[in-house]
Amino acid sequence: MTKLFRYLKKRDWAMAAASLVFIIGQIWLDLRLPEYMSEITVLVQTEGSTMSQILTAGAKMLGCALGSMAMAIITCYFTSVIAASISRRLQSELYHQVLSFSSEEMNHFSTASLITRSTNDVTQVQMIFAMGMQLMIKAPITAVMAILKIQDKGNWQWTSLTAGAVILLMAVIGALMGYALPKFRKMQTLTDNLNRITRENLTGLRVVRAYNAERYQENKFTAANNEMTTNSLQVNRAMAVLNPVMSLVMNGISLGIYWIGAYLIESAGMQDKLGIFSNMVVFSSYSMQVIMSFMMLAMIFVLLPRAQVSAKRILEVLQTAPSLHNGSSDSDGSHQGEIEFDHVSFRYPGADANVLEDITFTAHKGETVAFIGATGSGKTTLVNLIPRLYDVSEGSVKVDGVDVRDYDMKKLRDKLGYVSQKAVLFAGTIRDNIRLGDNGKAAVPDNEIEKALDIAQSSDFVGNIPEGIGGAVSQNGANFSGGQKQRLSIARAVARKPEIYIFDDSFSALDYKTDRILRSRLKQESAGVTTLIVAQRIGTILDADKIIVLEDGRAVGIGTHKQLLESCPVYQEIAASQLSKEELSR
Amino acid sequence: MRPMNHHASLPKGKFSPEGLKKLYAFCKKYIPAVIIALVCAVGGTVFTILGPDKLSDLTDLITQGLMTGIDFDGVTRVAVTLTVMYGCSALLTFTQGQLMTVTTQRISQGLREAISKKINRLPIDYYNKTTFGDILSRVTNDVDTISQAIQNSIITLVSSVVLLLGCLLMMFKTNWVMTVSAIVASLIGFVLMVLIMGRSQRYFIARQQGLGDMNGHIEEAYAGHTVIRVSNAEKEFSEKFEALNEKLYQASWKSQFLSGLMMPIMGFIGNLGYVTVCVIGALLTMNGNITFGVIVAFMVYVRLFTTPLSQIAQAMTNIQSAAAASGRVFDFLEAEEMEDESNKTKRLTNPTGQVSFQHVKFGYTPDRVIIHDFSQEVHPGEKVAIVGPTGAGKTTLVNLLMRFYEIDGGSISMDGINLKDLTRENVHSLFGMVLQDTWLFEGTIRDNIVYGKQGVTDEDLDRVCKAVGLYHYVHTLPNGYDTVLDGGISLSEGQKQLMTIARAMIENAPMLILDEATSSVDTRTELLIQQAMDRLTEGRTSFVIAHRLSTIKNADIILVLKDGDIIESGNHQTLLEKGGFYAELYNAQFAHS
């Protein structure tokens, strides 16, 4: 938690220091109030006091109250600003950190967890800064100052009564927390559970009904629901004990002080009686302050652990150094459009086997190189090494004759038009999505966008949108079908006019006909562009200059369709599963 | 059967007495408990009000005895009375708290249960018009809001009103001059508070909105991380993010600040009342109109008097949002359900597998007909393949066959019985189904494959898993069939698909529907699955939708669908020879560009 203080700026520290001053001032004024009260009490009791004396004391007391409010408001302003700005800063740092992560770190944390850390966890921290910090400073200071105040006014009877009450309250709160907190923490898991089962039922709606498994799902839900209800009953019933106990103790304290006070006054000397009486009034109100501040402290100990967990989760992300380091080179233009894999092996961090094993090949300018193989054979991993989503474990990958690790990553990616396996669209317009990012050239004009859409076989459905390329794309592209999303993300790569295309199984949602037309248009329009294609369908890659057959991370065949049909058993099997005899011999 | 778009019609925070009325009806059986709790709360409050009066008696006894000697019998009497009162008050508050907690939890449990049951009684159509997130938020957030309101607000509201009235009564009874001055002092503060609350509301909404926008952006950016990086779009996204972040920051500190003002202002109101009471009390005492005990009593009354005002305001806000939440919950609970089928007596248990579609007409919305006029005879044991471009209505046909949707015209019948005359449950039991999205849930492999079917033995599981080629894999897992599928076990898409096929095999229904069942596996794995499925479809009428035409070459009949109508039908050979749309589709996979 304290490590988060590093993210406070000078201005925040200044404000924090100022609020400390104001908090102390406020407490000091707050604690003056009972003094004026007792002054008024004494004045009222004393024969011969004048009205003006009482009014003066009253005015002073009101002045204190006003001053206290003003200081509290100023403190509140400072803490609100500090809390909001630390949350803004953390959020921003997290966001930039995550954007700078490579796929390795993304996988390590998982996207879902990073999202929670950037949202919920930051909110938790903001809450503790907004409320907890102020309490944390205020409570102990109030307690100490209040105790100092009553030190000389009190006597052992009143003091031990108050101390006893504090201990009793702490014990009750401690016991309740000890009982309820673990259950309280379990709450989140139980809620997640309930959510999961509901989500499960919703996503599997058709399966659930097809199998007549409605009752089965409902029983699962009921069990989770019962478990959650039992747990929250226990928590809430325990918490409901707190309230009556608290008011009992508070009321008991004032009663006790007065009751004891009666005997003390009686046994005191004549001249002391009035003094003891006014002390009694003062003591009872200060003792309330003491008890209240101890209770505030207890509350903080309830809030703090949660914020602490959040802080830890945030720091984990911030302190993870991106595993990829940016180089500074750019290519000299001599080997333009050339990709070279030289004995490349790759394993995921922590894994015990290589995903890719000793891959060597070269794709020359304008060539089409295709990768085929079973799911899990390493095709996607292989092409992901080119834009440096991961770094090789052994060997090297060169683009335009330069090792990708030496590139300024931006320069490297300027050369690439990469289409991922899962089409990704962002909220905005179609234009924004096609024009996404920076490729070192001027922004793509509308007519180029139209052309890219045309090549990617998207003109027809984009044409049907009244706003055309200004048409809205909703979050995750939810308003487009899988095939449409895929075509739009292909258009995005086309509009970049790259030196190298990388298509990672990007044609899978297209029907054969669209797939074929799209690829032939692409070939026409972008002559001289090197193309790497990962595919499942033989039809997609039949006419590639070079097909690389992957099996368990090894290249078990490299050649053209014809060559591989003759020489590569794995390729033959794949082909046989998709084509008939006549087609194979065509 | 057209549930409306509820959530759009009821924005959060809008007051709906309708929602509260329905909630009341739902909670009827808990009303006695709530009433007892209320009585307890009122009782506890009464003691709270009487307390200061007694305390002032005690003070008076002491002051009167300052010079002359204290009347200790009186002191003891008053102190004991007070002890008993405080004790009773605590006991009543305790009883009330326990009662309300149990009531609230039971009500939310009931609401959640009702929502869960409702999910399976709504037509599938309903879910096209609402998001899962929306329904999930009803189960959790809305029910939570309701339970918070019931747990706290009702009691707070009633006891605050009682406290307020009681305080007023006691204060007037004690001294009206001081009462009026205390009220005036408190009212000034209260008006101030209402003004601030009204203003802060706007920033709270802005903050919620800002948080929502920001979370949406973060979600999108993190999910599309790779694309952003590879497209060098980091700068673009950062700029967008910083703009959102700045907006959130502004709303955030303002709302925090304004809501933080409440406490100090409340404190000041208290002190203001205090001073007023003291000064005026002192004046009156000096004139001999009142005793000092009255001042002590009033000091407490002023505190008691200012708290309920803000609590009532708070409770009202809570109840308002609970009303909105229960509006949303009951909109869902009261959405039109699927037709009641308890009066249907016809049952089809051993179908031959003959299916007849006659002039079937259907559209998801009345203005967009998907299937215009579909007629087809399917003979027992036939493998029927349905192909065609995306949006041609292939999956729609399956939806109609399973009666996930009701047809708008024509009929579908099996062995001469119209599907409409059978219960949906009966229809579902006739089909095994494997879908494109491999739906597995968190649970053991056994649970996933057996899925609710009774009397499945391990031998059955072994047999089925051998058939689909999962046997070896399952037995390499530490707990075999009892391995729990969660984040720890990573299944490939292909294995998941095999799992769902195994599930269909265990169900062993007389007919089969395979909707793109092998689309997410590579072709060699597909071959394996294909063999498993051929075994599965043997002798059963089956409907197969496939993207990869290689999967359906051996179908008895291939229906080529385009825009909801059959444009060609026949087997693979005849369709190829015909040289039509199918041939074009088929050859497209081999054409050299």
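Helices here (H or I, at least four residues) and strands (E, at least two) are DSSP runs, numbered from the N terminus. This is a predicted model, where local features need pLDDT of at least 70 and side-chain atom pairs count only at pLDDT 80 or more, while totals for chains, interfaces and linings use all residues. Residues are numbered from 1 along each chain as its sequence is written, and chains are lettered from A and ligands numbered from 1 in the order in which they are written.

**Helix H3 of chain B**

- H3(B) covers residues 31–68, so to speak 38 residues, and the expected span of a helix is 1.5 Å times one less than its number of residues.
- From first C-alpha to last, H3(B) reaches 56 Å, close to the 56 Å expected.
- There's a kink of about 25 degrees at Leu50(B), shortly before the proline Pro52(B); the bend at a residue is the angle between axes fitted to the seven residues ending there and the seven starting there.

**Val75 of chain B**

- Val75(B) sits in helix H4 (residues 72–119) of chain B.
- Is Val75(B) buried or exposed? It's buried, with 21 other C-beta atoms within 10 Å. The cut-offs: a residue is buried if 20 or more other C-beta atoms lie within 10 Å of its own, exposed if 12 or fewer, and partly exposed in between, with C-beta atoms placed from the backbone.
- Setting aside neighbours within four places in sequence, Val75(B) is in contact with Trp259(A) and Ala262(A) from chain A, and with Leu58(B), Leu61(B) and Ile70(B) from chain B. Contact means that the C-beta atoms of two residues, placed from the backbone, lie within 7 Å.
- Val75(B) and Ile62(B) are 13 residues apart along the chain, and their C-alpha atoms are separated by 7.9 Å.

**Helix H16 of chain B**

- H16(B) has 15 residues (523–537) that should span 21 Å at 1.5 Å a residue, and its end C-alpha atoms, 20 Å apart, agree with that.
- Buried residues in H16(B) are Thr523(B), Thr525(B), Glu526(B), Ile529(B), Ala532(B), Met533(B), Leu536(B) and Thr537(B).
- Seen down the axis of H16(B), those buried residues fall within an arc of 160 degrees, so they line one face of the helix; the arc is that of the directions from the helix axis to the C-beta atoms.
- Turned away from that buried side, the other face of H16(B) carries the exposed residues Asp534(B) and Arg535(B).
- The cover over the buried residues of H16(B) draws on both chains: it includes helix H18 (569–578) of chain A, plus strand S3 (383–387), helix H13 (458–468), helix H15 (493–507), strand S9 (511–515) and strand S10 (541–545) of chain B.
- H16(B) is followed by Gly539(B), with a positive phi near 75 degrees.

**Lys553 of chain B**

- You'll find Lys553(B) in the loop between S10 and strand S11 (557–562) of chain B.
- Lys553(B) counts as partly exposed because it has 16 C-beta neighbours inside 10 Å.

**Chain B overall**

- The domain assignment gives chain B domain 1 (1–159 + 327–338) and domain 2 (355–588); such bounds come from an automatic or database domain assignment.
- The C-alpha centres of these two domains of chain B lie 51 Å apart.
- Chain B comes to 18 helices and 12 strands.
- Its C-alpha trace spans about 120 × 60 × 55 Å along the principal axes.
- Chain B has a radius of gyration of 36 Å, whereas a compact globule of 593 residues would be near 25 Å. That radius is taken over C-alpha atoms, and the globule rule is 2.2 Å times the number of residues to the power 0.38.
- Of the 593 residues in chain B, 45% are buried.

**Chain A overall**

- Chain A is divided into domain 1 (2–318), domain 2 (348–415 + 501–586) and domain 3 (424–497).
- Domains 2 and 3 of chain A have C-alpha centres 25 Å apart, and their contact takes 11 residues from domain 2 and 10 residues from domain 3.
- On the domain 2 side, the largest share, six residues, comes from helix H15 (residues 512–525) of chain A.
- Chain A comes to 19 helices and 12 strands.
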